[in-house]
Amino acid sequence: VSPSNTAVGIARRTGDNQQDLVAWRFTSVRHLGERANGTWRVRARDGVTGATGLLGACSVRVYGYRPY
């Protein structure tokens, strides 16, 4: 979730209980045009019944440019 409160779902998969998102990089263009400064938040949810997910670590890297 961006500092201006824009959220994007990047890995919505149903019925998946495989460990196949290890060291995976997710990307989004939904935040184009927003300022990068401020507090960014990551929300994770495990929606598979009977399975337990683990988020060991995460980070947010913002790319952009400095306007003239």
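In this predicted model, histidine 31 has a relative accessible area of 17%. Because buried means under 20% relative accessible area, histidine 31 is classed as buried. The side chain of histidine 31 reaches the backbone oxygen of threonine 6 at a distance of 3.3 Å. When neighbours within four places in sequence are left aside, the contacts of histidine 31 are Ser2, Thr6, Val8 and Trp40.

A polar contact of 2.7 Å links the side chain of serine 2 to the side chain of glutamate 34. Apart from residues up to four places away in sequence, serine 2 touches His31, Glu34, Thr39 and Trp40.

For the protein chain as a whole, 6% of the 68 residues count as buried. The accessible surface comes to about 6,900 Å², and carbon and sulfur atoms contribute 49% of this surface. The chain contains zero helices and zero strands. Among contacts in the chain with a separation of 6 or more, 55% are accounted for by residues 24 or more positions apart.

Methods
Residues numbered from 1 in each chain as written. Predicted model: local features only at pLDDT ≥ 70, side-chain atom pairs only at ≥ 80, totals over all residues. Heavy atoms only, no water. Polar contact = N/O pair within 3.5 Å; in protein donor to acceptor, adjacent residues only side chain to side chain. Contact = heavy atoms within 4.5 Å. Helix = DSSP H or I, 4+ residues; strand = E, 2+ residues; numbered from the N terminus. Buried < 20%, exposed > 50% of the residue type's maximum accessible area, 1.4 Å probe, protein only. Areas by Shrake-Rupley, 256 points an atom, 1.4 Å probe, with all protein chains shown as cover.
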